[in-house]
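Please read them with the coordinates open.

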Amino acid sequence: MAARPTWKGYIKVSLVTIPVRVYPATESSATISFNQLHAACQTKIQQKKWCPKCEIELTQADIVKGYEFEKGRWVVVDDEDIAKVKTESTKIINLLQFTEVDAIDPMYVDKAYYLAPEGPMAADAYSVMREGMQGKAGIGKVAIHGREYLVAVKPHKQGLVMYTLHHAAEIRTIDQIDELREVRGKVGPAEMKLAKQVIESFEGTLNLADYKDEYQAGLQQIIDAKVAGEEFIAPEEEAPPKVVDLMEALRRSLDQVSSGKKKTAKVEDTPAEKPEQDVNQPKIVAAKGAAKKRKAS
């Protein structure tokens, strides 16, 4: 299914304005989600809106937005009131400053959106701006769904990507974490040398597509087994070894990496053999009830 824009407006740099459409760059439906059911009959429950004072169920037409300005005192704000807020950011992504891409701390990044030009005329200006912004990120503001966001816009392949950013006031400082006050600032040269060797042994070209969501895959296996009337038997979980001597742990890590590389090289040089079954791999066995049901049928 083709992607649908969630917002339309303009991207503005000084006197240059380009009509654009905003598309979410991430897909939330890729993760498994669950519904709440009544355990007795497995019926999906309803979330009813209830007024505890009047003791009645409400419809959407009975509900208004309220702001609590004092404890227990509210002022009602309707859609007409909200529509009166006329800031430039409601229709324009106004880029007020440019900076190096690396200057944006990843901690500030919230969500990602693709910006696409709207119409052939906009596409030409869009292309020029994308090329002119190579290596740079534009910082500005935009209002989407009733909230104004701080944003960063930067080139990405053949297009532009907009990231919504947290404001500085939303970021907790590292000084607020009590446990980190006890962490020593300097380490010994021997520890440093071994730690760097371990890290270097794992270095490689990054391709995030190589990393799969194993938790989601595990959930899907359990769901598939239940749908098939089978029982999912999880592998035994091994407790991580306790680090008593850091130097010894670092040395063993290096030895483990080295032995792993030697085994890989040896396997590649020998003919392929039939792999033995891994006892730690999850197993799916037929449940007794499901087996009886299939036998009866």
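1. Which residue in β10 stands opposite Arg21? Arg21 faces Ala116. The strands involved, β2 and β10 (residues 109–117), are antiparallel and share 5 bridges; strands count as paired if DSSP finds at least two bridges between them.

2. On provenance: this is a predicted model, in which local features need pLDDT of at least 70 and side-chain atom pairs count only at pLDDT 80 or more, while totals for chains, interfaces and linings use all residues. Residues are numbered from 1 along each chain as its sequence is written, and side-chain values use heavy atoms, with hydrogens and water left out.

3. Overall content: 6 helices and 15 strands are assigned in the chain. Helices (H or I, at least four residues) and strands (E, at least two) are DSSP runs, numbered from the N terminus. Of the 297 residues, 18% are buried, where buried is under 20% relative accessible area, exposed is over 50% and partly exposed lies in between (1.4 Å probe, protein chains only). The chain exposes about 24,700 Å², with 55% of that area supplied by carbon and sulfur atoms; areas come from the Shrake-Rupley method with a 1.4 Å probe, and for residues only the protein chains shown count as cover. Among contacts (heavy atoms within 4.5 Å) between residues at least 6 apart in sequence, 62% join residues at least 24 apart.

4. The hairpin has 2 residues between its strands. Ser14, in that turn, has a positive phi of about 55° although it is not a glycine. Ser14 counts as exposed because its relative accessibility is 55%.

5. Lys157 is not a glycine, yet its phi is positive, at about 55°. Lys157 sits in the loop between β12 (147–156) and β13 (159–165), and at 69% relative accessibility it counts as exposed.

6. Nonpolar cores: the largest has 21 residues, and those with the most contacts inside it are Ile11, Ile93, Leu115, Val142, Val153 and Met162. Elements giving two or more residues to this core are β1, β2, β9 (92–100), β10, α2 (120–132), β11 (136–144), β12 and β13. A second, separate core has 5 residues, including Leu194, Val198, Met247 and Leu254. A core here is a set of buried Ala, Val, Leu, Ile, Met, Phe, Trp, Tyr and Cys residues joined through side-chain atoms within 4.5 Å.

7. Which residues form the nonpolar patch on the surface? They are Tyr67, Phe69, Val75, Val77 and Ile82, with about 430 Å² of accessible area together. β7 (65–70) and β8 (73–77) each supply at least two of the patch residues. Ile82 belongs to helix α1 (residues 79–83) and is partly exposed, at 39% relative accessible area.

8. Trp50 is in strand β5 (residues 50–51). Is Trp50 buried or exposed? Trp50 counts as exposed because its relative accessibility is 53%. Leaving aside residues up to four places away in sequence, Trp50 touches Glu55, Ile56 and Glu57.

Terms used. Patch = residues over 30% accessible without salt bridge, like charges linked within 9 Å, V, L, I, M, F, W, Y side chains within 5 Å. Salt bridge = Lys/Arg side-chain N within 4 Å of Asp/Glu carboxyl O.
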